[in-house]
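Trainee: I have just opened this model and would like to learn how to read it. Could you walk me through it, feature by feature?

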Amino acid sequence: MNFKPVLLWSDALILLLLAVVAAGVWLLRHNETFRAPLRQVLASRMGSATALILAVYVGIGLLDSLHYVERLPDEPGKAAQYSGEVKSVLDKLLTPLREHVEKTYSAPFATHLYAKETMTGPDGRELRDYPRLKHGGAHLADPDTEFWPDVLKRGGLGVLGGMVFWALLVFPLWKRGRAHSALAWTLLCVLVVTGLLVALAPHYHVLGTDKVGQDVLYLSLKSVRTGLLIGTLTTLVVLPLGLGLGIAAGYFGGRVDDVIQYLYTTLNSIPGVLLIAAAVLVVQVQIEAHPELFDTAAARADMRLLALCGILGLTGWTGLARLLRAETLKLRELEFVQAARAFGVSRMRILARHLLPNVMHLVLITVVIDFSGLVLAEAVLSYVGVGVDPAMISFGNMINGARLELAREPVVWWQLVAAFLFMFVLVLAANLFADQVRDALDPKAKGRA
Amino acid sequence: MNGLSVENLRVEIAGAGDRRFVPVDGVDFTVGADQCVALLGESGCGKSMTALALMRLLPEGGRVTAGEVNLQGDDLFALAESAMGGVRGGRLAMIFQEPQTSLNPVMSVAEQIGEALAAHRGLAGAAARAEAGRLLEAVGLPTDRLDAYPFQLSGGQRQRALIAMMLAGEPEVLIADEPTTALDVTVQAQILDLLKDLRSRRGMGLLLITHDLDVAREMTLSPNDRVAVMYAGQIVEWAPSAGLYAAPRHPYTQKLFAVLPRLDRRGERLDSLPGKVPAPDAVFSGCRFAERCPAVFARCHTQIPGFHEVAPGHFARCHLAEAAAIPPLSPYGGLSKGEIEGIPGRVEVVAAANPTQTPISPNGGFTNEGSEPSVLEISDLAVHFPIRKGLLKRTVGHVKAVDGVSLAVAAGETLALVGESGCGKTTLARAVLRLIEPSSGTVRLFGESLAGLTGEALRSKRAQMQIVFQDPFSSLNPRMRVGDILEEGMAALLPELDKSGRTHRAAELLDQVGLPTDAAGRYPHEFSGGQRQRIAIARALAVNPKLLILDEPTSALDVSVQAQILNLLADLRREHGLAYLFISHNLSVVGYLADRVAVMREGRILESGSAEQIFNRPENDYTRLLLDSAPGRH
C-alpha cells in the first residue's frame with residue numbers, strides 16, 4: 001500500500017454527520033410524515049434542480065474530505081516513511097490542475113503570462129515581452145493561429161462527451177417514465193459544464209491563475225469544502241443554542257428568560273469582530289503552544305478551521321434565539337398549547353411537538369440566510385487576519401488575495417469572479433431549496449403549488 | 001333617484017389557474033335616504049364582498065364584471081379613480097368590524113377626523129378642530145377625547161370615534177360592516193342606538209351588514225326599512241322586517257330562524273341545516289339552496305327560481321313562493337306553520353310554559369348541599385396579577401382578574417358563566433384547570449382539592465376535566481394531524497392504552513362527534529370552523545372527562561353551525577352524563593343550554609340562580625342591563 005488514510009478532525013465530524021443523516025433516513029424511511037414532504041420537494045421542478053446542484057457541491061466537498069498521505073520511496077533498513085503533505089481524493093483527481101503552476105497571474109484561457117518579463121530572444125537580444133505559459137496552451141506551436149480551432153475542438157468534444165453521458169444516464173429512466181424534466185435539464189447543464197472542464201482544464205487555465213500561479217479553478221473547487229464546512233458546522237453549533245435557549249426563554253419566561261436575555265444582550269453588546277478576533281487569537285496561541293498535537297500543517301489548519309466554526313457559532317446564535325423567543329412568546333398563549341397543558345402533557349413534549357414544528361419555518365429561513373452570511377464572514381475575517389489558516393484554500397482567502405489586485409491596471413478580475421460565481425450558485429441553490437422545503441413542511445401550502 | 005341603487009352586481013375573483021370565484025352574482029337593492037337596509041347572511045355568502053364592490057375596494061384579483069351602482073344619479077363604476085376618492089369616505093362612507101385595527105394607533109382622534117375633514121370638506125386648523133369636536137359630540141363622545149390616542153379609548157369609544165370620522169364627509173349613505181360584532185352586548189346596544197339616531201337626524205341611508213338576526217331586526221323597525229337575506233352570492237329574500245320576522249318565505253331564512261337557540265327552546269333539539277354553503281366557484285343549474293333545502297323538489301334542480309313577490313314588498317327567490325302561499329315543511333323536518341308563527345317580535349321568556357321540555361336537572365338553587373356531591377366546587381377563588389414597575393420590578397399593585405369567586409357544578413349539570421369581555425371568566429376557567437396558578441381559594445374536583453397537587457396526582461385529576469376553547473383556528477396545532485391531536489391527551493393521561501388502542505379510540509371519537517374516520521390522517525386546516533370545533537370537542541372527550549369547561553365554544557361560528565355544535569353538546573351531556581361549565585357572553589345560547597347561570601363582572605359573581613330565575617326575575621341591576629341590551633328586546 002503506497003498511501004495511508006488520514007482522518008482530520010473535520011473529516012471525522014463530516015463522517016459522523018453523514019452517518020447520523022444516513023441513520024435518520026434509514027429509520028424514517030417508512031415514516032409517511034417524513035417521506036411525503038421529501039417526495040414533494042424532489043417532485044417539484046425547483047426542488048429537484050437545486051437538490052442536484054447542492055448534491056454536486058456536497059460531492060466535491062466529500063471527495064475533498066477523504067485525506068491521505070503518500071508513502072515515500074522506501075529506504076532500506078528503515079520503517080515506511082510518509083510524506084508530510086496531506087492530500088485528498090479531489091487533489092488526486094485534479095492532479096493536472098494542481099501541478100500546472102505558472103509563475104504568476106495569467107488570464108483565463110491565456111497562453112501568455114499577465115506580466116512582462118525580460119527575456120533573451122533567439123537572436124541573443126534582450127527584450128521585454130509577455131512570456132509563454134509553462135502549461136496553459138503549451139501544446140500550441142503558434143497560439144495566434146491555433147488557439148481558437150484548438151479550444152473549439154476540445155470544447156466541442158467535451159460538450160459532446162457530456163451529452164452522450166447524459167443520454168446514457170437519462171434515456172433508461174425516460175423510457176420508464178421516471179425522469180423529471182427539470183432534473184434532466186439541470187443534469188444536462190451540469191454534465192456539459194463538467195465535460196467542458198474535463199476537456200479544457202488540463203490544457204488551459206480556464207479561470208486563470210493567481211499571484212503565485214495556482215490554477216483558480218483548482219482553488220475554487222478546493223474552496224467548496226471550506227465553505228460548506230464553515231456553513232454546516234457553524235450552523236450545527238448555532239442550532240441547538242439558538243433553538244434551545246430561544247424557545248426556553250419564550251416558553252418558561254421568568255428567571256429563565258431573564259438569564260438568557262442577559263446572556264445574549266451581553267454577547268451582542270461586544271463588537272462581533274473583536275470578540276471573534278480575540279477568541280481566534282487565543283485558540284491560535286494554544287495551537288502554537290502545543291505543536292506536538294498536530295503532526296501535519298494540514299492538521300493545524302484544520303483545527304483552526306474547526307475553532308473558527310465553533311467561535312462563529314458561539315457568537316452567532318443570538319439573532320436566532322431572539323427571533324424564536326418572540327415567536328414562542330406568541331405561540332405559548334395560543335390555545336393548542338393551553339389545551340396540551342390541560343392534558344398534562346410534559347413540558348419537553350410541548351416544546352418538541354407544539355412549539356418546535358411551529359417555529360421551524362423561521363429556523364429554516366434564518367439558517368439559510370446565515371449560511372450565506374457565514375461564507376462571507378469567513379472572507380471578512382480572513383481580511384482582518386483572524387479567519388482560516390492563510391495556507392488553507394477558501395473563498396475568503398481567494399477574495400482577500402484578489403482584493404489588492406482590483407486596483408491594478410489592467411485589472412485582475414478572474415479570481416474574484418470565480419469565487420463569486422461558485423458562492424453565488426451555492427447560496428442561490430441553498431436558498432431556493434430551503435424555500436421548497438419550507439413549503440413542503442407547511443401543511444397549509446399543500447395544493448397551492 | 002335618491003340614495004344608493006345597486007343593479008345586477010356581479011363580482012368575480014380570479015383564482016389559481018382558470019378558477020373563477022363569483023362571490024356576488026346578480027345582486028339588486030336600493031338604499032334610500034333615511035332608510036336602513038340590513039344585508040343578512042352567514043359567512044361566505046358575499047355580503048362583505050358586496051360592500052367592498054360598492055366602495056370599489058375589492059381585493060386584488062377581484063373585479064366587478066357586471067352591474068351598475070348609482071349614488072344620487074352618479075354611476076360609481078364610471079367614475080375615474082380620482083373622482084371615486086372624493087366619493088369614498090365622503091358621500092359613501094364605511095365603518096368596519098374591528099375598531100382595534102381601523103384606527104391608526106399613532107394618530108390622535110382629532111388628527112384622524114381632521115384628515116377626513118381636510119380631504120372632503122377642505123377644513124383645516126381651528127375650523128377643523130371645532131368641527132371635529134362637534135362630530136365627537138354627535139357620536140356621544142366628550143370633546144376632551146379629541147387628543148386621545150386609540151389605545152386610550154375603550155372598544156365602544158373607538159367605534160364611536162370611527163363613526164365620527166366617517167360622518168366627517170357628510171355621507172349620503174353609510175355602510176356599516178358588522179359594526180358591533182366585536183363589541184360587548186351593552187356597548188352594542190349603545191352603538192346601534194347611535195346609528196339609528198344619526199340616520200334619522202341626518203337623513204342618511206344606512207346599509208347594515210350583519211350575521212345577527214336580532215341586530216338586523218333591531219335596526220329595521222321603521223316600515224320602509226328592508227332586510228335582504230343573502231345566500232351564495234344572491235339575495236334570496238327581500239322584505240320589511242315585520243313581514244320577514246313574522247313569516248319568512250324562503251326555506252333558508254326559515255332555517256336560520258329555526259336554528260337559533262333560545263330560552264324557550266330548552267331541551268328541544270335545535271333544527272339543523274345540513275351541508276354547507278356552496279363553494280363560490282360552483283356552477284348552478286337550478287336553485288342555489290336546493291342541496292340543503294328541506295322542501296326541495298324536482299324543479300329546484302333544473303330551473304332557476306325567480307324573485308317572486310309573496311306579499312306587498314316581500315320577495316323570495318323560491319319556486320314555492322310563486323303560488324304566494326308557502327306549504328308547510330313539516331314532513332321534511334322543517335318548521336310547521338305553528339312554529340313559524342311562534343317566532344314572535346319579542347322573545348317572551350316562558351320557561352315553565354311547556355313542562356315536558358324542562359331541562360334535565362331541575363337544580364334551582366345555587367348551592368346543592370345534601371344532594372349529590374358536586375363535580376366541581378370553587379370557593380373564594382382569586383387570581384391576582386402583580387403589576388411590576390421600575391428597574392427592580394417591584395410589585396406596585398395587583399390586577400384582580402378573579403376576585404373571590406365561589407361556584408359549584410353538580411354532576412350532569414350545565415352552569416353558565418355570563419359576563420362581558422374583561423370580566424375574568426376566561427381567567428377563571430384557566431385557574432380552575434391550573435393553567436394559571438390561583439392566588440388564593442380552592443378548587444375541588446369530586447371533593448378533592450387541586451391546590452398543591454403536582455406530577456402524577458395532578459395528571460390524574462386533569463383526566464376528569466377538560467376544556468374547549470373559543471377559536472377553533474388557534475386551538476388546534478396546525479402542524480399535527482387530527483389523529484395525533486386526539487391521541488396526544490390519551491398518551492399523556494391514559495397510559496393503559498397502547499398505540500393501536502389509541503388509534504381505535506380516536507376513530508370512535510371522530511365518529512361520535514360526527515366526522516368521517518378518514519379525518520384522522522388530515523391536517524386541521526382542511527376542515528371548516530364547525531368541524532374544527534368538533535375536533536376540539538373530540539380531543540377533550542378523549543380522556544373521558546366528567547367535566548367540560550366550554551370557553552365560548554360557539555361564538556366564532558355561524559348560527560347554523562352553532563346549532564349543530566349545541567346539539568352535539570346536548571347529546572354528549574345525555575350520553576356521558578357530562579357536566580359543563582359553559583362560559584359565554586351570548587345570552588340566547590346560555591338560555592338554551594344552561595341549567596343554572598352565574599353573572600360575572602369585574603372578577604366577582606354578581607348573581608346566580610336557575611336559568612329561568614335569572615332570565616325572568618333578575619335581581620341585580622347589571623343582570624337586568626345585560627338582558628335589556630340584547631337586541632330584539634325593545
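Trainee: Which hand does the crossing of helix 8 and helix 9 of chain A have?

Mentor: Two packed helices are described by the angle between their axes and the distance between the axes. Here the crossing of helix 8 and helix 9 of chain A is left-handed; that hand means the near helix is turned anticlockwise from the far one by less than a right angle, while clockwise gives right-handed. Helices (H or I, at least four residues) and strands (E, at least two) are DSSP runs numbered from the N terminus. The axes of helix 8 (216–252) and helix 9 (254–269) of chain A come within 7 Å and cross at roughly 140°. Axes are lines fitted to C-alpha atoms, for helices over the stretch in contact, and angles run from 0 to 180 degrees between N-to-C directions. Helix 8 and helix 9 of chain A are therefore oblique to each other: angles under 35 degrees count as roughly parallel, over 145 as roughly antiparallel, 65 to 115 as roughly perpendicular and the rest as oblique.

Trainee: Which residues make that contact?

Mentor: Leu245(A), Ala248(A), Ala249(A) and Phe252(A) of helix 8 of chain A meet Gly254(A), Val256(A), Asp257(A), Ile260(A) and Gln261(A) of helix 9 of chain A. Residues are in contact if their C-beta atoms, placed from the backbone, lie within 7 Å. By class, this contact has 6 nonpolar, 2 polar and 1 charged residues. Ala, Val, Leu, Ile, Met, Phe, Trp, Tyr, Cys and Pro count as nonpolar, Asp, Glu, Lys and Arg as charged, and the others, Gly among them, as polar.

Trainee: Before we go on, how should I treat the model and its numbering?

Mentor: This is a predicted model, in which local features need pLDDT of at least 70 and side-chain atom pairs count only at pLDDT 80 or more, while totals for chains, interfaces and linings use all residues. Residues are numbered from 1 along each chain as its sequence is written, and chains are lettered from A and ligands numbered from 1 in the order in which they are written.

Trainee: At what angle do helix 5 and helix 6 of chain B cross?

Mentor: The axes of helix 5 (155–167) and helix 6 (185–202) of chain B cross at roughly 15° and come within 10 Å. These two helices of chain B are therefore roughly parallel to each other, and their crossing is right-handed.

Trainee: In what order do the strands of the open sheet in chain B lie?

Mentor: Strands of a sheet pair through backbone hydrogen bonds, either parallel or antiparallel. In chain B, 6 strands form an open sheet in the order 18-19-20-15-21-22, with mixed pairing. Strand 18 (465–468) and strand 22 (604–610) of chain B are the edge strands, each pairing on one side only. Strands count as paired if DSSP finds at least two bridges between them. Strand 19 (547–551) and strand 20 (579–584) of chain B pair in the parallel sense over 5 bridges, and Asp551(B) stands opposite Ile583(B) in strand 20 of chain B.

Trainee: How many residues of each chain are in contact?

Mentor: 16 residues of chain A are in contact with 23 residues of chain B. Helix 13 of chain A gives the most to the side of chain A that touches chain B, with 7 residues. By class, that side of chain A has 9 nonpolar, 4 polar and 3 charged residues.

Notes. Two residues are in contact if their C-beta atoms, placed from the backbone, lie within 7 Å.
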